[in-house]
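Thanks, everyone. I have one structure to go through today, and I will keep it short.

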Amino acid sequence: MKKSLVYFILSTLLAAMFIFAAPSSSEAQSAYYRKRVYRNGRVTWVRVRKPSYYRRHRNRINMALGTGGGALIGGLLGGGKGALIGAGVGAGSSALYTYKLNPKRRKYRKIRRY
């Protein structure tokens, strides 16, 4: 009885979470504009395509892949403790690569027009 009650409560919370997690509109933050300056000093804003998912989140993806790879290799070589050490080494090395050796050169800004 107690187990089924806990199962019912958890499934109800999970179903409610899906209702509130659904996006309200699909057009949120889909327009990107770039500033274009002509020779005579005139400034216009040109709509450009949204950058790819990897280009927008490159730092996070590289950090996650480095940490996961280090944990995988450490887990294969040394078990649970090795996985923890490997995750630390992987996070450090991927941070070094992402932020110092190969930093992003483009800065993406969202221009909001209200």
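Setting aside the neighbours within four places in sequence, S94 is in contact with N62, M63, G66 and T67. Before going on, a caution: this is a predicted model.

Where does S94 sit? The residue belongs to helix α3, which covers residues 58-101. Is S94 buried or exposed? S94 counts as buried, because its relative accessibility is 8% and the cut-off for buried is under 20%. The side chain of S94 also reaches the backbone oxygen of A91, at 3.1 Å.

A91 comes up again with G68. The C-alpha atoms of G68 and A91 are separated by 8.3 Å, although the two residues are 23 apart along the chain. G68 is placed in helix α3. With a relative accessible area of 37%, G68 is partly exposed.

Now the overall layout. The chain has three helices and two strands. Read from the N terminus, the order of elements is α-β-β-α-α. There are 114 residues in the chain, and buried residues make up 11% of them, S94 being one of the buried residues. The accessible surface of the chain is about 9,900 Å², with 63% of that belonging to carbon and sulfur atoms. As for contacts with a separation of 6 or more, 43% are accounted for by residues 24 or more positions apart.

Next, the strands. How do β1 and β2 run? They are antiparallel, with β1 at residues 32-37 and β2 at residues 43-48, and six bridges join them. One of the pairings is V37 with V43, its bridge partner in β2. The hairpin has five residues between the strands, and G41 takes a positive phi there, near 95 degrees.

Helix α1 spans residues 2-21, and F8 is in it. F8 counts as exposed because its relative accessibility is 53%, where exposed means over 50%. Which residues make the nonpolar surface patch? They are L5, V6, F8, I9, L10 and L13, and the patch is about 600 Å².

Methods
Residues numbered from 1 in each chain as written. Predicted model: local features only at pLDDT ≥ 70, side-chain atom pairs only at ≥ 80, totals over all residues. Heavy atoms only, no water. Patch = residues over 30% accessible without salt bridge, like charges linked within 9 Å, V, L, I, M, F, W, Y side chains within 5 Å. Areas by Shrake-Rupley, 256 points an atom, 1.4 Å probe, with all protein chains shown as cover. Salt bridge = Lys/Arg side-chain N within 4 Å of Asp/Glu carboxyl O. Helix = DSSP H or I, 4+ residues; strand = E, 2+ residues; numbered from the N terminus. Buried < 20%, exposed > 50% of the residue type's maximum accessible area, 1.4 Å probe, protein only. Polar contact = N/O pair within 3.5 Å; in protein donor to acceptor, adjacent residues only side chain to side chain. Contact = heavy atoms within 4.5 Å. Pairing = 2+ DSSP bridges.
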